[in-house]
Amino acid sequence: MLGLLYKDIYTAKKELLLTLVMLALFVGYNAILGQAEMLGPTLGVMVSLGAMTPTYSLNYDKTCGWNKFVCASPISRTKVILMKYLEGILSSLVIGLLVVVCNLAAGSPMPSWAYPLLFCTILFAQAIMMPVCLRLGQNMVVVVFLLMVFLPTGLLFSLNKAGIWTDEAIRAAFDFVEHHISSLTPVLVLVVLALYVLSFLVTRHIYRHMEF
Amino acid sequence: MEYALELRGLRKNYHHFTLDNVSLSLPKGCIMGFIGENGAGKSTTIKAMVGLISKDGGEIRLLGQDPTLDRSVMEQVGLVLDSGFFPPEMNAKQLGVSMARIYQRWDPEEFRRFLERFQIAWEKKIKEYSRGMVMKLSLAVALSHGAKLLLLDEATSGLDPIVRDDILDILYDFIQDEEHSVFLSSHITADLEKIADYIAFIHRGKLLMVGEKDDLLSSYGLLHCTRDQLEELAPDTVAGYRTSEFGVTALVKRYRMPGDYPVENASLDDILLYCVKGKKLASQEGF
């Protein structure tokens, strides 16, 4: 299985380098100018990257013909998909570490309890997008990702504008999360991990029935 | 006799195409050429063999094992497809590192020797390769993990005669050890005439004939005659015929011919052409 990881690292070298350069720019900017406002966009970019990385890899294998090779090799299709999910977790952990660095560089405006939330957000997005990528392609992944970002934001904004969910209510919701985060985090992690496993099973089912 | 490859009643159904009960056996230490026109079912058969598509029926045995049940047999099966399947961003060196972790019997020295023989640069990215180089790289990989059976799908198509000849030489060397076997699909029949021991001929998803190449070539011949002479022959003597302003040319079964007809040698191309495009005598049903 390590051979698959090597191959994914070699093929994504350029993208990984580009990601690191972008992050270095963000972190450097935040550290030098100490602008906490830049942390939001930085985290947005990093969460997007963490969420999309395994889908890029899945899509790349589809387009370059690698699936034909690997599915005719001794490696089972289950292991091929398992490796993609392990890479997903790995990329989430790396992004998680970078989030910590970015937060520290910006003077720690983000509370530490938000770390597991961001980690879960990345895993949640991957869990949704991996089967979508395999079944419907990378273009649909972008659509789904945008829906995942803008649908809740738009809904929240609309409810707020309509006066249904007021600023006070939003603030109260954030306060509730903040006060109960120690008990909510394990539940959230378990739910997201369960979703991740379910997503693996769905993706594996799709992949096992794919013909090349 | 031990077989490297056995298919028994292999079936695969698509909306507009059916691979229909394909059965064949390739003895160890031999090369089988798999011929047929484009769309005849050659690639479908090979894909079903290695598990790239699921079969709808029948049995597949590669080196005595069913690859749909036990993937470990693929350690000993090398595959070369008509289109490259390695990531274009990688180079041969990186590919070697990956392959060493995919195949237990990967031999890096053997791989290096093949790359040198094929004059493939170690650091050059695959996206910069010519088609011939991609094919050679695929072959180098297929030959560097201790494969006992090579499956090649149109591996020589689109290559210049020199590269094709190189590849045929390598295949010939490969089977000198009698444990090694090659199954090679191609519509370049000249290549198969050079190296194949057996020929399987597929047409519209059905296997029309399988046998030793020499038997096949000696069994069939070309007869130049008039239409009246052709009509005198038993219908099952004529595999197919074509008419021209000079008369009729028919592919005939030599062993069924009366002795006084002059019959020329037929090539695999002739056999393929007359079986696929030749007309049948009125009372013939199929071939």
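1. Asn21(B) sits in strand β2 of chain B, a strand that covers residues 18-27. The model is a predicted one, and in it Asn21(B) has a positive phi of about 50 degrees although it is not a glycine. Most residues other than glycine have a negative phi.

2. Gln119(B) belongs to the loop that joins α3 (108-118) to α4 (131-143) in chain B. Its relative accessible area is 70%, so Gln119(B) is exposed.

3. Phe118(B) is part of helix α3 of chain B. This residue counts as buried because its relative accessibility is 4%. Setting aside residues up to four places away in sequence, Phe118(B) touches Lys136(B), Leu139(B), Ala140(B) and Ile170(B). Leu7(B) is 111 residues from Phe118(B) in sequence, and the C-alpha atoms of the two are 33 Å apart in space.

4. Val134(B) is found in helix α4 of chain B. With a relative accessible area of 16%, Val134(B) is buried, because the limit for that class is under 20%. Apart from neighbours within four places in sequence, the contacts of Val134(B) are Gly84(B) and Tyr129(B). Phe86(B) is 48 residues from Val134(B) along the chain, and their C-alpha atoms are separated by 8.6 Å.

5. Asn91(B) is placed in the loop between β5 (77-80) and α2 (92-102) of chain B. Is Asn91(B) buried or exposed? A relative accessibility of 7% means that Asn91(B) counts as buried. The side chain of Asn91(B) reaches two backbone nitrogens: that of Lys93(B) at 3.1 Å and that of Gln94(B) at 2.8 Å. Not counting residues up to four places away in sequence, Asn91(B) touches Trp122(B), Glu123(B), Lys124(B) and Lys125(B).

6. In chain A, the point to check is how helices α5 and α6 pack. Two packed helices are described by the angle between their axes and the distance between the axes. Helix α5 of chain A runs over residues 77-105 and helix α6 of chain A over residues 114-136; their axes come within 10 Å and cross at roughly 150 degrees. The crossing of α5(A) with α6(A) is right-handed.

7. On the α5(A) side, the residues that meet α6(A) include Ile81(A), Tyr85(A), Gly88(A), Ile89(A), Leu93(A), Ile95(A), Val99(A) and Val100(A). On the α6(A) side, the partners include Tyr115(A), Leu118(A), Phe119(A), Ile122(A), Leu123(A), Met130(A) and Leu134(A). By class, the contact of α5(A) with α6(A) has 15 nonpolar, five polar and one charged residues.

8. The remaining point is the interface between the chains. The size of an interface is often given as the accessible area lost when the parts come together. Between chain B and chain A the buried area is about 2,300 Å², and carbon and sulfur atoms give 61% of that area. The contact takes 30 residues from chain B and 26 residues from chain A. Which three residues supply more than any others of the area that chain B buries against chain A? They are Leu52(B), Arg101(B) and Ile102(B), which supply 25% of that area.

Note on methods:
Residues are numbered from 1 along each chain as its sequence is written. Chains are lettered from A and ligands numbered from 1 in the order in which they are written. This is a predicted model: local features need pLDDT of at least 70, side-chain atom pairs count only at pLDDT 80 or more; totals for chains, interfaces and linings use all residues. Side-chain values use heavy atoms; hydrogens and water are left out. Axes are lines fitted to C-alpha atoms, for helices over the stretch in contact, and angles run from 0 to 180 degrees between N-to-C directions. Helices (H or I, at least four residues) and strands (E, at least two) are DSSP runs, numbered from the N terminus. A crossing is left-handed if the near helix is turned anticlockwise from the far one by less than a right angle, and right-handed if clockwise. Contact means heavy atoms within 4.5 Å. Ala, Val, Leu, Ile, Met, Phe, Trp, Tyr, Cys and Pro count as nonpolar, Asp, Glu, Lys and Arg as charged, and the others, Gly among them, as polar. Buried means under 20% relative accessible area, exposed over 50%, partly exposed in between (1.4 Å probe, protein chains only). A polar contact is a pair of N or O atoms within 3.5 Å; within protein, one must be able to donate a hydrogen and the other to accept it, and residues adjacent in sequence count only if both atoms are side-chain atoms. Buried area is the accessible area (1.4 Å probe) that two parts lose on being put together, summed over both.
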